[in-house]
Amino acid sequence: MTLSYDPPSVLDASVNPSKESLKSSPLYLPGTECLLRSQAPLDRLTSYRVGGPAEWYVAPRRIEELQASFEWANFEELPITLLGAGSNLLVSDNGLPGLVICTRHLRQTHFDLETGLVSAGAGEPIARLAWQAAERGWQGLEWAVGIPGTVGGAVVMNAGAHTSCTADILANTQVFSPDGKIEILTPEKLKFAYRTSILQGGNRLVTQATFQLQPGADPAFVMAATSKHLEQRRTSQPYNLPSCGSVFRNPNPHKAAWLIEQTGLKGYQIGGAQVSQRHANFILNCGGAKASDIFQLIRYIQQQVEHRWSLSLEPEVKILGDFQPV
Ligand SMILES: Cc1cc2nc3c(=O)[nH]c(=O)nc-3n(C[C@H](O)[C@H](O)[C@H](O)COP(=O)(O)OP(=O)(O)OC[C@H]3O[C@@H](n4cnc5c(N)ncnc54)[C@H](O)[C@@H]3O)c2cc1C
C-alpha cells in the first residue's frame with residue numbers, strides 16, 4: 001500500500017487564501033477539504049497537556065492535503081512544525097509560530113498475510129497497531145503496546161521498549177518532503193540509533209511505515225505477551241498523570257532515572273511539575289503545570305545531576321517554541 005498523489009498547486013494567488021483573510025473567517029485550503037485553523041490550542045494535543053496555541057494548524061487526511069499544507073506554508077513563508085500524538089513534546093506556553101501539521105488523520109492499516117508485512121499510516125497509534133497484530137497472532141510489536149505515540153512518531157524517534165525498538169522491525173517508510181517529493185526509505189537510510197533517526201529536526205514527514213512481523217502464532221499467546229508488557233509498564237511507570245514518558249536519554253552506561261533518584265530529586269516540584277516518585281525520569285503535570293514549570297524542572301535536574309555526577313543529561317523530549325533561559 002503506497003500513498004501516491006498528483007500534486008495540485010495552491011501557489012496561484014487568486015485561489016490561495018492569505019493568512020490575513022483566514023484569521024477572520026475559517027477557510028479550507030484551496031482544492032481540499034482541509035480546514036486551516038488559526039490560534040489552535042496545542043495543550044489538548046500533547047500528552048503533557050501544556051503549551052500555547054499554534055499560529056496555524058492543519059490535520060490533512062490525504063497526500064493532496066498534505067501537499068497543499070506544505071505549499072501554503074511555503075507561500076506564506078511560515079515555519080513548519082510536524083506533530084504526531086504529541087507524546088514526546090514540550091510546547092512553549094507562548095505557542096508555536098507558523099504552521100503545525102498534524103498526522104492524526106493519516107490512518108490506513110493493511111496486514112499482508114502472504115509476506116507478514118503490515119503497513120500503517122503515520123497517524124495510526126502504535127499501541128493500537130500492536131493490539132491489532134496480537135489479535136491476529138502476528139509477533140513483533142508486543143513491546144510497543146505502552147507507547148502512546150503514532151507510527152510516524154515511532155519511526156522518527158526510533159521508539160522502543162523492553163529491549164526492542166522500531167528499527168528492529170521497520171521494513172521501509174514513506175517520507176514526504178516539503179518540495180513535494182515522495183521517497184521510500186529503508187532503515188539503512190534512516191541512520192537509526194538509540195531514540196533517534198535522520199528524520200529528527202527536519203521537515204520531511206513520515207506518511208506511512210511498513211513493518212516486518214511474523215504471522216502464524218497463536219493469537220492468545222501474542223495477546224498474553226502484549227498484555228504482560230503493558231502490565232509491567234503500569235507497575236513501574238506513572239500512567240495516571242500527564243507526562244511525556246522518559247524526559248532524558250540514558251547516558252550510556254548509566255540510567256537517567258537512577259542518576260536523578262540518587263541525586264535526591266524524586267518528588268521535587270516546581271509549580272505544577274513534579275519529578276515522579278515512581279520513576280525519576282518522568283516529570284508529571286500534577287495539575288495546572290505550565291510548560292515553563294516543566295522546562296525549569298528539566299534545567300534544575302540537569303544542573304543538579306551535573307553538579308553531583310559530572311554528567312550531562314540530554315533531553316529526549318523535544319522542546320518547541322520559546323522558553324526563558326534558566
Ligand atoms: C506515558 C508515556 C510513556 C512513553 N513510553 C515510551 C517508551 O517506552 N519508549 C519510547 O521510545 N518512547 C516513549 N514515550 C515517548 C513517545 O511516546 C515516543 O517518543 C513516541 O514515539 C512519540 O510519537 P508521537 O507521535 O507522539 O510524536 P510527537 O511527540 O508528536 O513528535 C515527536 C517528534 O517526532 C516528530 N514527528 C512526529 N510525527 C512525525 C511524522 N509523521 N513525520 C516526521 N516527524 C514527525 C515531531 O516533529 C517531533 O520532533 C512515552 C511517552 C509517554 C507519554
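Trainee: Which strands and helix each supply at least two residues of the shell around the ligand?
Mentor: Strand 4 (80-83), helix 4 (151-157), strand 9 (160-161) and strand 13 do. Helices (H or I, at least four residues) and strands (E, at least two) are DSSP runs, numbered from the N terminus. This is a predicted model, where local features need pLDDT of at least 70, side-chain atom pairs count only at pLDDT 80 or more, and totals for chains, interfaces and linings use all residues. Residues are numbered from 1 along each chain as its sequence is written.
Trainee: How many residues surround the ligand?
Mentor: 34, counting a residue whose C-beta atom, placed from the backbone, lies within 6 Å. Gly-84, Gly-149, Gly-152, Gly-153 and Gly-245 are the closest. Helix 4 gives the largest share, five residues.
Trainee: Switching to strand 11, is that buried or exposed?
Mentor: Six of its seven residues (170-176) are buried, so strand 11 is largely enclosed by the rest of the structure. Buried requires 20 or more other C-beta atoms, placed from the backbone, within 10 Å of the residue's own.
Trainee: What does strand 11 pair with?
Mentor: Strand 13 (residues 205-212), antiparallel over six bridges, and strand 12 (residues 182-185), also antiparallel, over four. Pairing takes at least two DSSP bridges. Leu-170 sits opposite Phe-211 in strand 13, and Phe-176 has Ile-182 of strand 12 as its bridge partner.
Trainee: Where is pLDDT under 50?
Mentor: Over residues 1-15. pLDDT is the predictor's confidence in each residue, from 0 to 100, and the chain averages 92. Where pLDDT is low, the predicted coordinates should not be read in detail.

Conventions: Contact = placed C-beta atoms within 7 Å. Buried ≥ 20, exposed ≤ 12 C-beta atoms within 10 Å, placed from the backbone.
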